[in-house]
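Me: I would like to learn how to read a fold, one feature at a time. Could you walk me through this one?

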Amino acid sequence: MCTVFGCAESGDQSHAHHHEHEHAHSHAHPHTHSHAHPHTHSHAHPHSHEHEHEHDHDHDHAHSHEHVHAHVHSHDHGDHPGAAEPDASPHLDCGAGPAGVEVAGMSQRRLVEIETNILARNDAIAEGNRRRLEADGVLALNLVSSPGSGKTTLLVDTIRRLGAEGVAVIEGDQQTANDARRIRETGVPALQVNTGKGCHLDASMVERALPQVSPPGLGLLFIENVGNLVCPAGFDLGEDAKVVILSVTEGEDKPLKYPHMFAAASLMLLSKVDLAPHVDFDMDACEAYARRINPELEILRLSATSGEGMDAWLDWIDARREALRQRALSRARQHLAMLEQR
């Protein structure tokens, strides 16, 4: 079980995440990998699992499996615009090391190695997903937020405004198919992915979902991730962009508390703004905090209930679709030019 972020999964589900395993007996699984990230972070999701395995031969093996989601992108904040205010009050920082997390009995170096192997495997699958989606001209948006932000309500209203044609949804939750049923009522295909104890979707889950739910060419795929502002930040699914949704019923300092998600996102939707007069929430301060973390972050204020800001959200989607179309045309021209040179 995860000792820090609750990013755990059962042994029955471990194949879905393609995690690296450290075995008590000698098995070598060498993987090397390097990441290039426009925003460097330090966030970790360690998983420690103990499994006893019995084999149909003359001896037993005891396996100790360590599943660690330690998304380590360590950096020196200094005067970086995303740096949080220094806190002089006493506190215990368990994420100060290179791995960004502490796990009893494991060194920071080992945590970094495990994280690197996990993300290398995930990123390879995600890149395959991205090539497939872009080849089909499908815009994929990864919707991320904490639970209760209104993701599904916003998604339902978005689909009704866009129209169901050419739209599909992958719906991620730990349990139930409630949200997928709500989405299907709009007339679009929706595939429910239950993650069990897993706290996020990963690229392999999307890879297996695409044949069942991929929209036609020039379509739009929404991936509604598990409600969680931590783990989904580090897992590329092959999407065109992450869209983080933050409602006014949450704290305006969420971007400072969960910086990696806001650093990874291309757009922040500040939702439920119709409730702003009734809650203690400073929208200007929230946006300022978010831009301290990610100066390039686009921000829109909207309400699926009142309709405020929904046109701007649809315009943003249209602009991303047009950019995808232009990239496809550019690749086609390059391919044609290569053929003419032969």
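Predicted model: local features only at pLDDT ≥ 70, side-chain atom pairs only at ≥ 80, totals over all residues.

Me: Where is R182 placed, and which residues is R182 in contact with?

Reply: Helices (H or I, at least four residues) and strands (E, at least two) are DSSP runs, numbered from the N terminus. R182 has its place in helix α4. Contact means heavy atoms within 4.5 Å. Setting aside neighbours within four places in sequence, R182 is in contact with T152, T153 and V156. The C-alpha atoms of R182 and V156 are separated by 7.5 Å, although the two residues are 26 apart along the chain.

Me: What does the whole chain look like in numbers?

Reply: The protein chain has nine helices and nine strands. It holds 342 residues, of which 47% count as buried. Among contacts with a separation of 6 or more, 72% come from residues 24 or more positions apart.

Me: How do I read the sheet, and what is the order of its strands?

Reply: Strands of a sheet pair through backbone hydrogen bonds, either parallel or antiparallel. Two strands are said to pair if DSSP finds at least two bridges between them. Here, seven strands form an open sheet in the order β5-β4-β6-β3-β7-β8-β9, with parallel pairing. The edge strands, each pairing on one side only, are β5 and β9 (298–301). From one strand to the next, the twist averages 20 degrees.

Me: Let us take β4. Which strands does β4 pair with, and over how many bridges?

Reply: Strand β4 (residues 167–173) pairs with β6 (residues 220–224) in the parallel sense over five bridges. Five bridges also join β4 to β5 (residues 190–194), again running parallel. To get from β4 to β5, the chain passes through helix α4 (residues 178–184) in a right-handed β-α-β crossover. Right-handed means that, with the strands pointing away from the viewer, the path from the first strand over the helix to the second runs clockwise.

Me: How many residues of β4 are buried, and what lies across β4?

Reply: Seven of the seven residues of β4 are buried. On one side these are V167, V169, E171 and D173, and on the other A168, I170 and G172. Helix α5 (residues 203–213) lies across β4, β5 and β6, running at about 140 degrees to β4. For such angles, axes are lines fitted to C-alpha atoms, for helices over the stretch in contact, and angles run from 0 to 180 degrees between N-to-C directions.

Me: And what about β8?

Reply: Strand β8 (residues 267–271) is joined to β9 by four bridges, running parallel. L267 has E298 as its bridge partner in β9. On pairing with β7 (residues 241–247), β8 is again parallel, over five bridges, and L267 is the bridge partner of V243. Five of the five residues of β8 are buried, so β8 is largely enclosed by the rest of the structure. Together, β8, α8 and β9 make a right-handed β-α-β unit.

Me: Which residues does E287 touch?

Reply: E287 is found in helix α8 (residues 283–293). Not counting residues up to four places away in sequence, E287 touches M268, L270, I299 and R301. E287 counts as buried because its relative accessible area is 14%.

Me: Last one: at what angle do the axes of α3 and α9 cross?

Reply: The axes of helix α3 (residues 151–162) and helix α9 (residues 310–341) come within 11 Å and cross at roughly 75 degrees. Angles under 35 degrees count as roughly parallel, over 145 as roughly antiparallel, 65 to 115 as roughly perpendicular and the rest as oblique. That makes α3 roughly perpendicular to α9. In this contact, L154, D157, T158, R161 and L162 of α3 meet M310, D311, W313, L314 and I317 of α9.

Technical notes:
Residues numbered from 1 in each chain as written. Heavy atoms only, no water. Buried < 20%, exposed > 50% of the residue type's maximum accessible area, 1.4 Å probe, protein only.
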